Amino acid sequence: MNTTPPIILRYFACRGRAQPLRDFLYDADIKFQDEQFEFETFPHPWLEARSNRDFSGPFASLPVFQQGDFQISETLAIASYLEHTIGQKNIHRDECKLATLNMISSACYLEIIVSIGELIWSEGLSPQLRLEDAISEKLPKILDKLRSVDRLVPNDDKYFGGNIPSVADFFVFEAFDAIRYFLGPNNAPLTQRLRELDGLSRRLLSRPRFAAMFTAGFRPASMTSYPEENAVIEKARAIEWTTVL
Ligand SMILES: N[C@@H](CCC(=O)N[C@@H](CS)C(=O)NCC(=O)O)C(=O)O
């Protein structure tokens with residue numbers, strides 16, 4: 001009888017911080033409970049759930065990774081744990097390679113995914129702030145970081161993880177997807193030049209288990225759970241940043 005406790009990945013019902021972790025687990029065919037807390041019910045059910053540390057983890061924030069008595073939060077710590085325990089099988093515990101993968105995940109997470117999430121939430125959290133101003137301040141830095149990641153993509157049709165994607169590959173995928181989602185077709189010239197990122201994304205999407213996650217509807221439509229996300233996206237896409245920047 002298999003007594004290994006199930007893996008649980010708990011987050012809100014949006015892509016946000018957790019999607020690269022979900023992507024990796026689906027692609028690697030790791031069975032896990034993809035728990036998604038509905039944020040629309042904020043604040044009360046969340047405040048109640050938050051006070052239960054068995055649910056909300058050591059820092060009362062999501063995502064939380066749990067397996068039996070082992071529980072960790074902090075997205076990058078979860079990413080690093082998965083990279084070491086599952087992803088490392090492909091790179092034979094090469095510590096320098098693991099550090100490089102963690103570096104890629106960190107840049108994509110902190111400077112691209114989180115930054116775009118903050119832009120989407122910006123007017124909601126600071127009503128005095130104009131979305132246009134927040135975008136003009138942050139977008140050049142986000143694009144610069146993406147261009148750097150583009151230059152680092154392995155040019156031999158492989159992944160950052162080698163022949164099999166690592167967790168870092170999915171942070172790269174979600175970072176690139178987030179900018180395209182946010183800027184929309186008007187601003188395609190800004191992202192079309194990121195040819196290596198485009199190639200890597202296509203390679204990942206050609207993997208059956210990763211692609212199945214989309215068709216099965218397991219990938220949340222919302223990036224942030226912010227109730228006004230669609231309106232913000234519409235506003236951001238209406239501006240042609242190619243001519244403004
Ligand atoms: N440093 C943490 C931040 C986690 C975080 O702020 N999560 C948000 C959701 S995106 C949260 O749980 N917010 C609800 C709260 O703090 O009450 C990480 O990188 O994972």
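Tyr11 stands opposite Gln36 in strand E2 of this predicted model, where helices (H or I, at least four residues) and strands (E, at least two) are DSSP runs, numbered from the N terminus. Strand E1 (residues 7–12) and E2 pair in the parallel sense over six bridges; two strands count as paired if DSSP finds at least two bridges between them. From E1 the chain crosses through helix H1 to E2, and this β-α-β crossover is right-handed, a label given if, with the strands pointing away from the viewer, the path from the first strand over the helix to the second runs clockwise.

Residues are numbered from 1 along each chain as its sequence is written. Because the model is predicted, local features need pLDDT of at least 70 and side-chain atom pairs count only at pLDDT 80 or more, while totals for chains, interfaces and linings use all residues.

E1 also pairs with E3, here in the antiparallel sense and over four bridges. Within this pairing, Ile8 has Gln66 of E3 as its bridge partner. Strand E3 (residues 64–67) is in turn joined to strand E4 (residues 70–73) by four bridges, again in the antiparallel sense. Val64 finds its bridge partner in Ser73 of E4. The hairpin of E3 and E4 has two residues between the strands, and Gly68 takes a positive phi near 60° in this hairpin.

What surrounds the ligand? The residues are Gly16, Arg17, Arg50, Ser61, Leu62, Pro63, Glu74 and Thr75, a residue being near a molecule if its C-beta atom, placed from the backbone, lies within 6 Å of it. This shell divides into two nonpolar, three polar and three charged residues. In this scheme Ala, Val, Leu, Ile, Met, Phe, Trp, Tyr, Cys and Pro count as nonpolar, Asp, Glu, Lys and Arg as charged, and the others, Gly among them, as polar.

On the scale of the whole protein chain, there is a division into domain 1 (7–87) and domain 2 (93–244), with bounds that come from an automatic or database domain assignment. The C-alpha centres of the two domains lie 20 Å apart. Contact (C-beta atoms, placed from the backbone, within 7 Å) links 23 residues of domain 1 with 26 residues of domain 2. On the side of domain 1 that touches domain 2, at least two residues each come from helix H1 (19–27), strand E2 (32–37) and helix H4 (75–85). H4 gives the most to this side, with seven residues. By class, the side has ten nonpolar, seven polar and six charged residues.

Technical notes
Two residues are in contact if their C-beta atoms, placed from the backbone, lie within 7 Å.
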